[in-house]
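Hi,

Here is the model I promised to pass on. Could you have a look when you get a minute?

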Amino acid sequence: MKEISRRSFLTSIGAAATGSLAISANQALSQPTNILSEDRRGVLVDTSNCVGCRSCEWACKNAHGIDAGDIESYKDRSVFNNMRRPGIDSYTVVNEFSNEKNPLLPIDVKVQCMHCDKPACVSACIVGAINKHEDGSVVWDTDKCIGCRYCMVACQFQIPVFEFEKAIQPEIRKCDFCYERFKKGKLPACVEICPLEALTYGPRNELIKLARQKIKRNPEKYINYIYGEKEVGGTSWLYLASRDFQSIGLPKLNNKPAPGVSESIQHGIFAYFVPPVALYSWLGAMMWITKRKEEVKQEKEIDYV
Amino acid sequence: MKKFYLIVIILAIATVGLSSKWQDNKDAKPQKKSVSKAKTTKTGKEKSNQQKMMKKLYTNCKTCHTYEYPTKSDPALVNCPRSKMISVFHRPEEGPIIVKMNDIYGKYGPVIFSHRIHSEMSEMSGGCNGCHHYNTTGPVLKCKKCHAEERKREDLSKPDLNAAYHRQCINCHRQWNRNVNCDGCHKLKENDSEQKIAILVNAVSNAQHPEIPHPEKVVYETKYNKGKFVTFFHDEHNKIFGIQCIECHRDENCIRCHDINRLKKGNNISFQQKKIHKTIDEHHKPCVACHQKQSCDKCHKSNIMDRFNHTITAGWALKHYHQTISCNKCHGGKIGKVNRNCSSCHKKWELGNFNHSVTGIILNENHKEIDCESCHENKNYSVKPVCNSCHDDKNYPKDKPGRIKSIRVVSRK
């Protein structure tokens with residue numbers, strides 16, 4: 001009986017390992033959920049009603065167990081001197097923009113996760129830690145997150161933030177549309193506290209109708225555009241404003257959903273792990289065949305000698 | 001035989017058709033009757049009372065219903081918003097002095113709103129409708145009649161009560177204060193004892209509208225090349241011509257007058273700080289009502305105009321009572337040259353009934369008796385009187401034929 005050489009043994013073990021890994025990985029990695037419910041919720045932000053009281057910032061911190069401090073300290077308007085982005089301890093911030101038409105009525109714009117209908121972060125997350133739920137919210141799961149920060153790169157609104165200061169178990173953080181409160185039948189914390197109801201919470205379809213109605217009734221007050229209706233395939237948060245949205249800090253984006261291109265490539269390559277398995281098994285087969293040929297050749301050479 | 005059957009069939013169809021038609025008529029008749037019955041039941045006292053009531057409210061059925069006989073199941077109401085139906089024609093005095101707002105449970109106590117002061121000034125900024133929008137005829141509706149107290153609700157078309165209140169107030173108040181602090185209107189509940197509320201209610205009820213600072217003159221730099229500057233003397237128009245604030249300042253932003261920063265600075269105010277975007281017609285609107293027939297160069301000058309001075313313009317100084325009376329009193333409707341003889345206006349002033357003290361000089365015993373012409377040559381009273389026809393060593397402004405009376409100048413209203 002012919003002895004198994006070291007090389008052939010390793011080859012066969014390698015092939016077997018690749019196959020089993022492919023199968024186990026396929027089972028272990030949970031597919032991210034991306035529910036696009038007809039009845040999904042949204043928020044219509046009417047920037048003409050926002051006065052920049054920042055109570056939403058305070059309420060948001062309280063709802064997420066972040067130290068919010070005294071609400072009186074939020075009256076300080078000097079924070080508006082710089083543009084702010086959501087951070088690890090503030091999932092929403094309000095920015096202020098000057099208004100040439102009336103300098104005494106500046107335009108205040110709340111920034112938070114837009115909760116896209118086709119979220120790029122969900123598609124980018126390799127461990128399925130970010131999921132879109134039936135209420136429209138895009139929520140991250142800290143237990144699954146491995147800290148690859150792909151979602152930060154993918155998000156076109158630059159919303160997810162990473163705890164860079166934390167050495168052990170850093171997390172990705174962002175607005176979760178108060179998913180825990182939604183499950184209890186409560187409104188998102190920011191919506192609940194807003195004294196002017198600049199944030200209107202309701203079914204997204206109805207909010208779009210409401211926004212159209214507002215524009216129709218006050219054509220001088222609003223520009224005829226609902227930001228978020230079509231941006232990157234639609235977002236749960238919608239904005240109305242008196243002027244061009246780029247001038248109030250909202251990025252100009254394509255109507256095509258962001259995951260469209262990346263997903264087709266990524267998912268194409270890794271679909272059910274068939275392509276990688278096929279690739280490695282083909283490589284294995286090739287190696288085995290070439291090895292076999294060499295062995296046969298060697299055997300023949302031995303015969304002649 | 002076949003023909004006979006055909007006729008029978010046709011006859012049968014015809015009778016069925018007719019009877020069904022008759023049935024229709026029969027059905028229709030009682031309906032009509034019921035309508036007329038409903039109408040007749042309201043005759044007499046009830047109907048006249050209803051009509052009286054409707055007359056009082058300036059309405060008829062069509063104000064609210066699209067047709068005349070609405071039913072309970074089909075009220076055929078006119079579509080909301082009923083902005084055209086707004087009929088809040090009350091005067092500020094009819095409304096309450098204060099309104100205590102205490103509908104929303106929260107950490108704050110009641111807001112005491114000075115309704116009277118706000119309503120008195122509202123005329124200059126949109127009127128009652130500014131707050132009482134979509135009000136139907138009759139009594140003024142409460143906000144919570146339409147605005148839900150709960151934020152989580154089905155109908156999203158209207159803001160909830162909390163938002164409705166804030167939206168009414170905050171746009172003016174944030175411009176005035178330059179902040180959005182809650183304590184401007186709200187008092188924390190924990191600090192609000194019954195006593196403190198009573199003090200607050202009393203203070204707000206008795207509050208008077210603060211004095212509104214207004215400029216003496218405003219210089220507008222216009223784009224009109226032939227005369228760039230328009231100088232507007234605010235106090236003249238207001239005090240001398242007696243033009244009310246509302247006649248020019250209609251539908252304006254409260255902040256035009258209410259500005260906490262301006263008030264602090266006192267009277268040294270620049271009213272040209274803020275540029276207001278208006279069309280040419282809008283700019284001229286307040287002026288043309290009076291200055292309609294005048295040419296552009298009446299107001300548009302190449303340099304800043306001096307204040308109107310009667311001495312310079314007319315060559316006749318206004319003295320004593322003349323300073324206090326309105327222009328029209330002497331000039332009539334049209335401003336122009338006026339006969340300067342006192343008697344042209346003061347027709348009753350003749351020797352015997354003329355009291356010389358109105359001129360400011362009470363004549364002494366010696367001068368009381370002599371003729372007017374002895375001092376006022378040729379009865380020309382606008383020229384200085386002469387003394388040297390009798391006195392060689394006397395000269396008028398230096399020496400006087402009596403004692404000077406101090407004249408109380410009555411301020412204009």
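Below are my notes on sheets, ring pairs and chain B.

First, the ground rules: this is a predicted model, so local features need pLDDT of at least 70 and side-chain atom pairs count only at pLDDT 80 or more, while totals for chains, interfaces and linings use all residues. Residues are numbered from 1 along each chain as its sequence is written, chains are lettered from A and ligands numbered from 1 in the order in which they are written, and side-chain values use heavy atoms, with hydrogens and water left out.

**A sheet in chain A**

Chain A has an open sheet of three strands in the order β8-β1-β9, with mixed pairing. Helices (H or I, at least four residues) and strands (E, at least two) are DSSP runs numbered from the N terminus, and two strands pair if DSSP finds at least two bridges between them. The edges are β8 (199–203) and β9 (237–240) of chain A, each pairing on one side only. On average, neighbouring strands in this sheet are turned by 25° against each other, direction ignored. Strand β1 (residues 41–46) of chain A runs antiparallel to β8(A), and five bridges join them; A:Val43, for instance, has A:Tyr201 in β8(A) as its bridge partner.

Helix α7 (residues 204–217) of chain A lies across β1, β8 and β9 of chain A, at about 130° to β8(A). Axes here are lines fitted to C-alpha atoms, for helices over the stretch in contact (heavy atoms within 4.5 Å), and angles run from 0 to 180 degrees between N-to-C directions.

**Rings**

Over all chains, the search finds eight aromatic pairs. Rings of Phe, Tyr and Trp (its six-membered ring) pair if their centres lie within 6.5 Å; planes under 30 degrees apart count as stacked, over 60 as edge-to-face and the rest as tilted.

A:Tyr91 and A:Trp140 are edge-to-face because their planes stand at 90°, with centres 6.1 Å apart. The two are 49 residues apart: A:Tyr91 is in the loop between α2 (55–63) and β2 (93–97) of chain A, and A:Trp140 is in strand β5 (residues 138–140) of chain A. A:Tyr91 is buried at 4% relative accessible area, and A:Trp140 is buried at 16%. Buried means under 20%, exposed over 50%, and partly exposed in between (1.4 Å probe, protein chains only).

A:Phe177 and A:Trp237 make a tilted pair, 5.9 Å centre to centre with 50° between the planes. A:Phe177 sits in the loop between β7 (172–173) and α5 (179–183) of chain A and A:Trp237 in strand β9 of chain A, so this pair ties together parts 60 residues apart in sequence. A:Phe177 is buried at 3% relative accessibility, and A:Trp237 is buried at 1%.

Ring pairs also link A:Tyr225, A:Tyr227, A:Tyr239 and A:Phe245 into a cluster.

**Chain B**

Chain B has 15 helices and seven strands. Of its 413 residues, 18% are buried. Among its contacts between residues at least 6 apart in sequence, 56% join residues at least 24 apart.

An open sheet of three strands in chain B has the order β3-β4-β5, with antiparallel pairing. Its edge strands are β3 (217–221) and β5 (300–301) of chain B. Five bridges join β3(B) to strand β4 (residues 229–233) of chain B, and B:Glu221 has B:Phe229 in β4(B) as its bridge partner.

Cheers
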